[in-house]
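Let's take a friendly walk through a protein model. Keep the sequence and the 3D view open as you read.

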Amino acid sequence: MLNKVYQLVRPRQFEIVYKNIELDDSHILVHPTHLSICNADQRYYQGLRAEEVLRKKLPMALIHEAIGEVVYDPTGSFETGAKVVMIPNTPVETDPIVAENYLRSSKFRGSGFDGFMQEFVSMEPDRLVRLPEGINPVVAAFTEIVSVSYHVISRFARFSHERRDTIGVWGDGNLGYITALLLRNRFPDSKIYVFGINEMKLNDFTFVDRTFLVNHVPEDLAIDHAFECVGGGAAPGAINQAIDIIHPEGTIAFMGVSEDLAPLNTRMILEKGIRCYGSSRSGRQDFVDLIELYKSRPEIVNHLEKIVGVQQEVRGIPDMVKAFEMDIHKIMGKTIMEWDQ
Amino acid sequence: MSENIFGVILAGGKGTRMGNAERPKQFLEIGGKPIIVHTIEKFAVYPDFEKVIVLCPKAWVEHTKDLIRKNIPMQDRIVVIEGGASRNETLMNAIRYIEENHTLDEDTIIITHDSVRHFVTRRMIEENIEATRKYGACDTVIPATDTIVESCDHQVISQIPDRSTLYQGQTPQSFHALKLKQIYESLTEEEKAILTDACKILVLKGEQVHLVEGDVSNIKITYPADIRIADSLIGGR
């Protein structure tokens, strides 16, 4: 079947191409309904990736955060019209040690191959997870980024020592907000501190114990563990600040993506015996567990509604450009494309 | 699946404008598949259709059935029948099929589409259904980009209409089947011969036909060059 695909052909330029989808017995046809723009999409859209990366990856359809409706399911896994979240990570093998989201052979939508900016997406049944009845679709649209936070926090629970009295989150953007929110839920007895640069944004973190401007951190402040949700050029500063104020044997999770290498205070990592780890992708189990959490703790979904920014109905390329441009100029919040294709 | 909504794919054309092509244009291949298969697939995966009725020339009925058998998995929702002598007669054959095999009543909706417009999208089909439910009938159009010149004597311009009010008709065109049948049957034989467009029949009889936004890429394969254009739209990395 001919499928309309909106590919980024060069920075800031989308074009339509039709691609054939073979209607076979093992793939489910999903119509995307709500797409959420991520910073990774913006790096392609604005041409911020290295030139050789852009040359290698484009043309490609962007977006790896999306939900949709099942249109045709020959596998019998879902009924027609079922609302599902689509998992962008697409493994081609399994490994007893390495998780699907870390396998170098796995493909990722909107990075290694076409993302969700398509009329239909053809997916295997295990790349879809049913959404709870009545969930706000604009929140469900960015389930993927929340699942990454969920994944990292699950690893944190495995990797970190049990003294978790104070946990610091660096970053007052969407990822910082989501991570702090999930930490609050998972570790209700811990003190959650958020470190940022914008007081207005920090005021939205109503569920944490304290917030700090990074330039006004009390000298005697110390934390047990840290999460870096900054990325970009500001990430090294955030990580080094975490290294400075973390107690020995604490853990630091790297979650923000940077294009450049980060100079880190490795001497202090060594002296304090700090454990560093990182993640930017999640796997099926994280989606499944997160959806269960959404069902059991609807207040989390309610908190996430607060970071829904622009909602743009998208019928054609001018609407897509508008959504991406508005997303660049936003102060905070996720930009959602209501996908009318 | 919604009851009483039918996809009607009009594949009755003999392809006389396609030059020396040895077969009707709907059976020519684009992107490795016959055009008609691409079009049927788009309708076949749309869940609201009770049935997708494909109408083609008598000599091509079995060929079309074979193509569907080979290419399309959800075959039970597709039926191939013979078209009529004209576009409207073909449409009437589809309505007759519904009447004989399903239910034809005030709520029966048909979404009719040219088999040679294989770039139709899910959105157009959905908006056709919505508009027909709401307004009774609809036509898929795009704003006219060329200046349209009218010449009554085919020698000199009689008028140049204001382009801002003009649209180019595409398909799908969608109707309440029973009403369309009743109006068509009320036409004289002369009217039937002149009125080749079902939307025009409704408009002339004072019925409202709503506009649905089409797409510039929803092209109709008419001339040999269109095959090349269509091929160039398919592919990509």
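## Before we start

A residue counts as buried if 20 or more other C-beta atoms lie within 10 Å of its own, as exposed if there are 12 or fewer, and as partly exposed in between, with C-beta atoms placed from the backbone. Helices (H or I, at least four residues) and strands (E, at least two) are DSSP runs, numbered from the N terminus.

This is a predicted model, in which local features need pLDDT of at least 70 and side-chain atom pairs count only at pLDDT 80 or more, while totals for chains, interfaces and linings use all residues. Residues are numbered from 1 along each chain as its sequence is written, and chains are lettered from A and ligands numbered from 1 in the order in which they are written.

## A helix in chain B

Let's begin with helix 4 (122-135) of chain B. Helix 4 of chain B has 14 residues and reaches 20 Å from its first C-alpha to its last, close to the expected 20 Å; the expected span is 1.5 Å times one less than the number of residues. Which residues of helix 4 of chain B are buried? They are B:M124, B:I125, B:E127, B:N128, B:I129, B:A131 and B:T132. An α-helix has 3.6 residues a turn, so residues three or four places apart point the same way.

The cover over these buried residues includes strand 1 (5-10), strand 6 (109-114), strand 7 (137-143), strand 8 (167-176) and strand 9 (210-213) of chain B. Just after helix 4 of chain B comes B:G136, which takes a positive phi of about 105°.

## Chain B as a whole

Chain B has 8 helices and 9 strands. Its C-alpha trace spans about 50 × 45 × 35 Å along the principal axes. A compact globule of 237 residues would have a radius of gyration near 18 Å, and chain B agrees because its value is 18 Å; the radius is taken over C-alpha atoms, and the globule rule is 2.2 Å times the number of residues to the power 0.38. Of the 237 residues in chain B, 39% are buried. Two residues are in contact if their C-beta atoms, placed from the backbone, lie within 7 Å. Among the contacts in chain B with a separation of 6 or more, 73% join residues 24 or more positions apart.

For a single spot, look at B:P47, in the loop between helix 1 and strand 4 (51-56) of chain B. Why is B:P47 partly exposed? B:P47 is partly exposed because 18 other C-beta atoms lie within 10 Å. B:P47 and B:R77 are 30 residues apart in sequence, and their C-alpha atoms are 9.9 Å apart in space.

Chain A has 11 helices and 17 strands, and its C-alpha trace spans about 65 × 40 × 40 Å along the principal axes. Buried residues make up 44% of its 341 residues. Chain A is divided into domain 1 (2-141 + 307-339) and domain 2 (147-278), with bounds from an automatic or database domain assignment. The centres of the two domains, taken over C-alpha atoms, are 29 Å apart. Their contact takes 7 residues from domain 1 of chain A and 7 residues from domain 2 of chain A.

In strand 7 (residues 107-108) of chain A you will find A:K107. A:K107 counts as partly exposed because it has 13 C-beta neighbours inside 10 Å. Leaving out residues up to four places away in sequence, A:K107 touches A:T90, A:G112 and A:F113.

## Where the chains meet

How many residues of chain B are in contact with chain A? There are 19, and they meet 22 residues of chain A. Helix 1 (35-44) and helix 4 of chain B each supply at least two residues of the side of chain B that touches chain A, and helix 1 of chain B gives the most, with 3 residues. This side of chain B divides into 7 nonpolar, 7 polar and 5 charged residues. Here Ala, Val, Leu, Ile, Met, Phe, Trp, Tyr, Cys and Pro count as nonpolar, Asp, Glu, Lys and Arg as charged, and the others, Gly among them, as polar.

## The nonpolar core

A nonpolar core is a set of buried Ala, Val, Leu, Ile, Met, Phe, Trp, Tyr and Cys residues joined through C-beta atoms within 7 Å. The largest one has 147 residues, and those with the most contacts inside it are A:V30, A:M86, B:I40 and B:V54. This core draws at least three residues from each of domain 1 and domain 2 of chain A. Neighbours within four places in sequence aside, B:I40 is in contact with B:I9, B:V52, B:V54, B:I68, B:I72 and B:I78.
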